[in-house]
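Student: Could we go through this model together, asking what stands behind each label?

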Amino acid sequence: MKTIYLLVGALLVAGATIGAQVQTPGASPENGAGLGPMVAGTDLSGSWRPQQLVTESQTAAGDLADFGGIPLNDAARMYALSWPASRQTVKQHQCMGYVTPYFWYAPANYRIWEERDPFTQRLVSWRFYGQIAQGDRTVYMDGRPHPPAYAPHTFAGFSTGEYQGNTLTVTTTHLKRGWIKANGVPQSDATTVVEHFVRHGDNITVLAVIDDPVYLTEPLSKASMLVRMAKDPDAWLYPCDDSEQIFGRKSDVVPNHLFGQNPYAREYADRRKLPLLAALGGVETMYPELANAIRDTTAAENLAKARMMPSGPPAVSRAPDPTPKDGEIHTMRVSGEVYLLAGDGANIAVQVGPQGAFVVDTGSGKLADKVIAAIAKLSAKPIQFILNTTFRPDHTGGNAKLQMAGADPSVTGSFFSMQFQGAGLAATIISQLNTQSRMVEQKLPAPPSDTFAEDRRRKYYNGEAVEAFPMPNATTDGDSIVHFRRADVIVAGDIFTTTEYPHIDTKNGGSLQGEINALNFILDRTVYIHDEDGGTMIIPGHGRVTDEWEVAEYRDMLVIIRDRVQAMIKAGATLQQTLASRPTFDYDVRYGATSGPWTTNMFVEAVYTSLKNPPKTENAR
Amino acid sequence: MKRTLMLLFPTALLLASTLSAHHSFSATYDTGKTVSIEGKVVQFLLRNPHSFLHIEVKDKEGKVAVYNVEWAAAGQLNGTIASSIKAGDLVTISGNPGRDPADLRLRMVNIKRTDGQSWGFDPGQVVN
């Protein structure tokens, strides 16, 4: 790593001293906070192409199982070894966008330009556009903060920049899960990338440092080179449209190699006559000391083989929990008039308009008064409807207070309620039938009174179609999702979270296949704007707001784990043997837990149990 | 099903290095092999960045399978080819087989219709 930092340092110094386009260095405090610098550093504007020699070893055209020089951890290696190129035929993968710094390795055109405030001419942002996948990045130079952790991620991420001398340094967060190398080496959604842009005449060196706490054991530095094009190439688009590439393939098929069964794991090493250990990557493959490790070829081969199977102590999630825990309710507009309220247990969704407020889930109830106050800021009208996506107390704990804070004018004074005192003087609570039953059984406060069983529950409210769909045998037998159709926001409840494995409660009717079916139902309703970004937005039961990409990733993970556990069951394995096989190994660094209410082992047990004895209705939808 | 292993086409290698911007052809297909299939067009998916032909192929026992043939971008094919190939056409296709046999996948090298019209990357052929 020292050598790489030295290289980075040397190039930064070079950029600061020999750049042909050096201008007066930029921002200083007197430039005015929030306005951005009056004078930028080196001008990066223009049309560019990547230097081809660099791109060929780094792009999608790279070799399978060529991970050398990447400080990936054991989980990332297993993730990459279970990845076949056929995964790219899964609908949601066909138009996957590019995260940075992979963004800079596409063999096509790039445009860089600046955007200045028309009144002050201060530099508001740099814009980076990449032709492949039509990546469109904005680097804010005006000092604005990065969004909160519960905000959506994109393939472009959220970038801010500053000049250090004539070097533009860009920090990017809020990235989606993407590629470090598109032969299966993942870059997680918890990654922060710092890029340094140094211009030398008609070249720009982009030095990127990837800090990925989930998949890397230490930061990875990558360099790319852009070459200025004298003439605008007049070719900037890269349309992408997904399709049923593999005819007749079902939506719960996600190609993957079982652990230890990747037929191409040795291909690169054998062809290049390298020790397998060197090809499998890891921090030691970045340093000259690797030579010592491979001197004993038998030992190196045995070590490499061991690395192609799960090993080591159980891992826990290394991704930060995006849920605020400061005792306050945080409100964020998701789309249209649908808002996220985060901070009191499970996520709360609120739709507002001229009729009142429609609330999906009510949190744990500990901050119910603050939730009511937050909703009152959004809507002068009362809460009319509350819908519970599940019976769990962290989703229904605020029912009683929110119900009493609301009113249902459709009941008050209606023909049907005249004889009932108090009718409509509180909000109406809706849920799938089994959620009501579970709440009554468990004596949870304020159970729903308005239920649906197999059919959707629908309303046209605040000028918007609102649909609730029951999801049979997903995390429980009472789950539902809610789709606000004009805002195009789906509230997924615990069927989808960004923080843990799905809490499949087999004692209350949950099953893995029902959960996979529910995720596919969501994916059948989503549409992205461009290359798996935007469009239909998803509010998960826990964690940050997403779009369909993260739902698809979650579905993929569950299908892959299902295939592994199913293979164990088919081979006659017991639960203990299945647990010992570590079927979640490559995902534990993102979703795993060894303590708390929902551990990895509890999840695997639920998978095993529901695959061995599936509920009869799990495929009811 | 007529599925004949053929000799390596130098053109296939050329193709592999020129159109690999979006995903890796060498990771997806065995670019060192070429096989041939004969069957009926089920569907022509004209898409960017890669179009697909679905071909219904019968084997010697009469068992039917649908092959998935990856072709060029809609931007390249939406001229003559798009209006020429239709569901029901009988075609012979040679291409690189997919690495995953379960996908029944080929990467198009050339296509010949029973009326003699052909497109592809062999010398003298055109893409569109």
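Tutor: Happy to! This is a predicted model, where local features need pLDDT of at least 70, side-chain atom pairs count only at pLDDT 80 or more, and totals for chains, interfaces and linings use all residues. Residues are numbered from 1 along each chain as its sequence is written, with chains lettered from A and ligands numbered from 1 in the order in which they are written.

Student: What makes β15 and β16 of chain A a pair?

Tutor: Strands are DSSP runs of E with at least two residues (helices: H or I, at least four), numbered from the N terminus. Two strands pair if DSSP finds at least two bridges between them. β15 (residues 357-360) and β16 (residues 383-388) of chain A have four bridges, in the parallel sense, so they pair by that definition. In one of these, A:Ala357 has A:Ile383 as its bridge partner.

Student: Why is one side of β12 and of β18 of chain A left without a neighbour in the sheet?

Tutor: The open sheet of chain A has mixed pairing and runs β12-β13-β14-β15-β16-β17-β18. β12 (330-335) and β18 (450-452) stand at its edges with a single partner strand each, so one side of each has no neighbour there.

Student: Which residues make up the contact between chains A and B?

Tutor: With contact meaning C-beta atoms, placed from the backbone, within 7 Å, chain B gives 20 residues and chain A gives 26. On the chain B side, α2 supplies the largest share, three residues.

Terms used. Two residues are in contact if their C-beta atoms, placed from the backbone, lie within 7 Å.
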